[in-house]
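Thanks, everyone. I have one structure to walk through today, and I will keep it short. Here it is on the screen.

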Amino acid sequence: MITKKASGVLVAGVLAASLAGCSSDGGTGGEGDGSYTVGIANFTLSGPYFNGMDRAIKAQAKKKGVETVSTDAGGDAAKLASNVEDLLSKDVDAVIVSGGPLESAPAVLNSIKAAGKPAVLVDRKFRTGTYSSWIGPDNEAIGKQNGQFLVERLTKGGTVALVKGGPADNSIGQARTNGVKSALEGAPGINIVEAPDFGNWSSDGGLTVMESLLASHSDLDAVFCENDAMCLGAQRAIKDAGRDKEIVLAGVDGQAEALKAILDGTNYLVTGLNDADVIGGLGLDRTVDILDGKKTEKDTVVPSPRVTKENAQNYYDPEGNF
């Protein structure tokens, strides 16, 4: 199973919207014929989100009868470029690039273009370079809806801490935090505290940053983290400090552990769905559509619904890839 419970509906809706009138046979996703080999160029597989994306692409490829060759650059841009060259030397038919925190990869995209192969970007849209198609979320909208949730929750005002993943110029993190701020800054009685250190998108990083925030701020009412992994770490720090009855959490991504925490009625109250299962599956489908010669959208924004205890069961699947 490659998607969370409701992801099949989400996938169908996105595909229907993005491919309406574009496919000559009226299909809603490339079928593949067993003859395609798709390279997956991962900038990093160190985090659960990117690992889940890689697994989701592979699982969807298996369903479609498509072969895959996956690589991991370990967070090294030069290694990513060499991995792509290696994939092209294997004569893959297309390359899916999961860029993670990488802002641009001109050498990578130039190599794929020079080889005459499609380049499909998932989650991260690079700031520069030519690509065939991109599928991902509207990160600012996700942040804004989380901010609106916190405003609705903090009816008497309060202090909200922001935990960022880093580095400072990471556009995905910036968009999420900017979205939250746009909702919080206009709300009466709400103060914002930004953590001085980055959580590096990991649970351990979120734990460390939260411990520091708790030591310096005794009046926190809520915490927003730029991803669920950091928020899960922050939740541990808050519980260890005995303040889990006072401080609520809001995250992003829809990681299974976060959805379980929401369902269990903990102080983790909300996340914005940025499902690696959905995006990975759609990325593979889009790649096959392009190889099949179908006309497709250049850019597709995947819906990112707000997930709370009221609807989390619709999205939670402990057997999913993320």
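Start with C231. C231 is buried, because its relative accessible area is 0%. C225 also sits at 0%, so C225 counts as buried too. How many disulfides are there? The count comes to 0.

A word on where this comes from: the model is predicted.

V223 lies in strand β8. Is V223 buried or exposed? Buried, because its relative accessibility is 0%. One of those contacts is worth a distance. V223 and V163 are 60 residues apart in sequence, yet their C-alpha atoms are 7.3 Å apart in space.

Now the core around it. The largest nonpolar core has 32 residues. Which residues have the most contacts inside it? They are M210, L213, V223 and Y268. Several elements give two or more residues to this core: β6, at 158–163; α7, at 203–216; β8, at 220–225; α8, at 228–240; α9, at 256–263; and β10, at 268–273. There is a second, separate core of 21 residues, and F50, A61, V120 and I135 are among them. As background, nonpolar side chains in soluble globular proteins tend to be buried together.

L213 is then in contact with A161, V163, V193, A195 and L220.

Six strands form an open sheet with mixed pairing, and the order is β7-β6-β8-β9-β10-β12. Where are the edges? They are β7, residues 190–194, and β12, residues 306–307, and each pairs on one side only. Inside the sheet, β8 and β9 run parallel and are joined by 3 bridges. V223 has L249 as its bridge partner in β9. Helix α5, residues 139–153, lies across β6, β7, β8, β9, β10 and β12. Its direction is at about 155° to β10.

Stay with β9 for a moment. In β9, 6 of its 6 residues are buried. In a regular strand, side chains alternate between the two faces of the sheet. For β9, both faces are covered. V248, A250 and V252 are on one side, L249, G251 and D253 are on the other, and all are buried.

D253 is in β9, which spans residues 248–253. Why does D253 count as buried? Because its relative accessible area is 4%, and the cut-off for buried is under 20%. Beyond its sequence neighbours up to four places away, D253 touches Y49, R176, N227, D228, T271, G272, L273, N274, D275 and F322.

Now the other sheet. Six strands again form an open sheet, in the order β2-β1-β3-β4-β5-β11, and the pairing is parallel. β2, at 67–72, and β11, at 299–301, have a single partner strand each, so one side of each has no neighbour in the sheet. On average, neighbouring strands here are turned by 15° against each other, direction ignored. Helix α3, residues 77–89, packs on this sheet and touches β1, at 37–42, β2, and β3, at 94–98. The direction of α3 makes about 170° with that of β1.

Look inside that sheet. Strand β4, residues 119–122, runs parallel to β5, residues 133–136, with 3 bridges between them. V120 stands opposite S133 in β5. V120 is also one of the residues in the second core.

A contrast case is A107, in helix α4, residues 106–114. A107 is partly exposed, because its relative accessible area is 45%.

Finally, the whole chain. The protein chain has 10 helices and 12 strands. Of its 322 residues, 57% are buried. Among contacts with a separation of 6 or more, 77% join residues 24 or more positions apart. The accessible surface comes to about 12800 Å², and 48% of it belongs to carbon and sulfur atoms.

That is my tour. Questions, please.

Key
Residues are numbered from 1 along each chain as its sequence is written. This is a predicted model: local features need pLDDT of at least 70, side-chain atom pairs count only at pLDDT 80 or more; totals for chains, interfaces and linings use all residues. Side-chain values use heavy atoms; hydrogens and water are left out. A nonpolar core is a set of buried Ala, Val, Leu, Ile, Met, Phe, Trp, Tyr and Cys residues joined through side-chain atoms within 4.5 Å. Buried means under 20% relative accessible area, exposed over 50%, partly exposed in between (1.4 Å probe, protein chains only). Helices (H or I, at least four residues) and strands (E, at least two) are DSSP runs, numbered from the N terminus. Contact means heavy atoms within 4.5 Å. Accessible areas come from the Shrake-Rupley method with a 1.4 Å probe; for residues, only the protein chains shown count as cover. Two strands pair if DSSP finds at least two bridges between them. Axes are lines fitted to C-alpha atoms, for helices over the stretch in contact, and angles run from 0 to 180 degrees between N-to-C directions. A disulfide is a pair of cysteine sulfur atoms within 2.5 Å.
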